[in-house]
Amino acid sequence: AIKLARRVTDIKISPSTAAAQRARDLKAEGRDIVDLTVGEPDFDTPAAIKDVAIAAIHAGDTKYTPVNGTPALRGAIRHDYRSRLKIDAADNRIAVGGGGKQILFLAFMATVEAGDEVIIPAPYWVSYPDMVIANGGTPVIVPCAEANRFKLTPAALEAAITPATRWLVLNSPSNPTGVAYTPDELRALGEVLLRHPHVLVLSDEIYDRIWYADFPAASILTVVPELADRAMIVNGVSKSYAMTGWRIGYAVGPAPLIGAINKLQSQMSSCPSSISQAAAAAALTGPQDSVDETVVQYRARCDYAYARLNAIPGLSCIKPDGAFYLYPNCAGLIGKVTPSGKVIENDLDFVIYLLESEGVAGIHGAAYGLSPYFRISTATSMAVITDACDRIARACAALT
Ligand code: PLP
């Protein structure tokens, strides 16, 4: 057998990737599966963006680019941050990578050493803890109550900080809950951070254009500009512009950190795809109506699923502020018995039951660090969501 490094044996394959694969496998076996595991837009990339990529190929934009991205993409990012968030993103504060995922990984790789702690509020996006572990650090998971809309409180943050804390990770709007921090809440967390100058903040705002709340989307850096020398904001084109396969994400942050990320990038991949960078620049600078149109649809689906799930006895669900996920509470069904006589002991049992009884594929809350919940994605058609809600209602009603 090949002896693998600890950084690999200590981590797992992303549970959402694994659940999506399970759903695909069952479908391939001919089973009638309604897949609610997908974390990507069901829409295609807008044609205008594709055309720019095709033109880039014909124009010979087919070579390595600067490690920190093409001047066009950096310009587009700078413009976007200035106009939307009033954040100044000079060239030495921008890193571009093969997806937000790569940038996040490189940020931890650049800063985390054995014994370093990274505070991750739960429920969390499944990749944060494993990225920290893969880089030798220790995730410090802070459970966040549904009663507080799954948000980290200043008191819980204060209590979690130790001399070994390197990072606080925030994700707003959140995968898996869709919940976002208000400007006041960000300010209150910022006040705690200002008392602990050794803590860096990683704010993952990749869903910030998919927004439903009646308060404005805010970045921690806009609300607490005093954190400019230790806050890094991650974003990308995957979710907003239906460009997951193009693999472009980026970060704005302190120059020394961005420099370190770019140094690693120079040894890891040199740069992301030149063609994808051309497309991403066009996405950020072009007309934004495709985003607006998809958000209208995401919101309608989300509202529908929210109402349907809350009407099912045993389930309850808070209303998302953005993104395309719901994170229903299934506490009311724990302890119930399936028609085949199995007791539902936890949220994993529940999602397995949904899959086996009605062919609905979701992901159990334990994967996101907080039970008993499950995540469903609403980045799928209204017809599929309607069918899924019918099936979930039927499955729940069959429990005794
Ligand atoms: N951050 C969050 C919260 C996500 O849900 C995802 C994708 O699922 C990402 C970052 C990374 O996206 P990408 O690597 O496609 O930019």
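I started with Asp88, which sits in the loop between α4 (71-85) and β2 (94-97). My helices (H or I, at least four residues) and strands (E, at least two) are DSSP runs, numbered from the N terminus. I am working on a predicted model, where local features need pLDDT of at least 70, side-chain atom pairs count only at pLDDT 80 or more, and totals for chains, interfaces and linings use all residues. Residues are numbered from 1 along each chain as its sequence is written.

Next I turned to a sheet. I found 3 strands in an open, antiparallel sheet, ordered β9-β12-β11. β9 (325-326) and β11 (363-364) are the edge strands, each with a single partner, so one side of each has no neighbour in the sheet. Strands pair here if DSSP finds at least two bridges between them. β9 and β12 (residues 374-377) run antiparallel and are joined by 2 bridges. Leu326 stands opposite Ile376 in β12.

Then I checked the domains, whose bounds come from an automatic or database domain assignment. Domain 1 is 6-44 + 290-397, and domain 2 is 49-285. I read 26 Å between their centres, taken over C-alpha atoms. How many residues of domain 1 are in contact with domain 2? I got 35, meeting 31 residues of domain 2, where contact means C-beta atoms, placed from the backbone, within 7 Å. On the domain 1 side, α2 (15-28), α12 (289-310) and β9 each supply at least two residues. The largest share, 6 residues, comes from α12. By class, that side of domain 1 has 19 nonpolar, 8 polar and 8 charged residues. For the classes, Ala, Val, Leu, Ile, Met, Phe, Trp, Tyr, Cys and Pro count as nonpolar, Asp, Glu, Lys and Arg as charged, and the others, Gly among them, as polar.

Last, I looked around the ligand. The shell holds 13 residues, with Gly99, Gly100, Lys101, Gly236 and Ser238 coming nearest; a residue is near if its C-beta atom, placed from the backbone, lies within 6 Å. I sorted the shell into 2 nonpolar, 9 polar and 2 charged residues.

Definitions and conventions
Contact = placed C-beta atoms within 7 Å.
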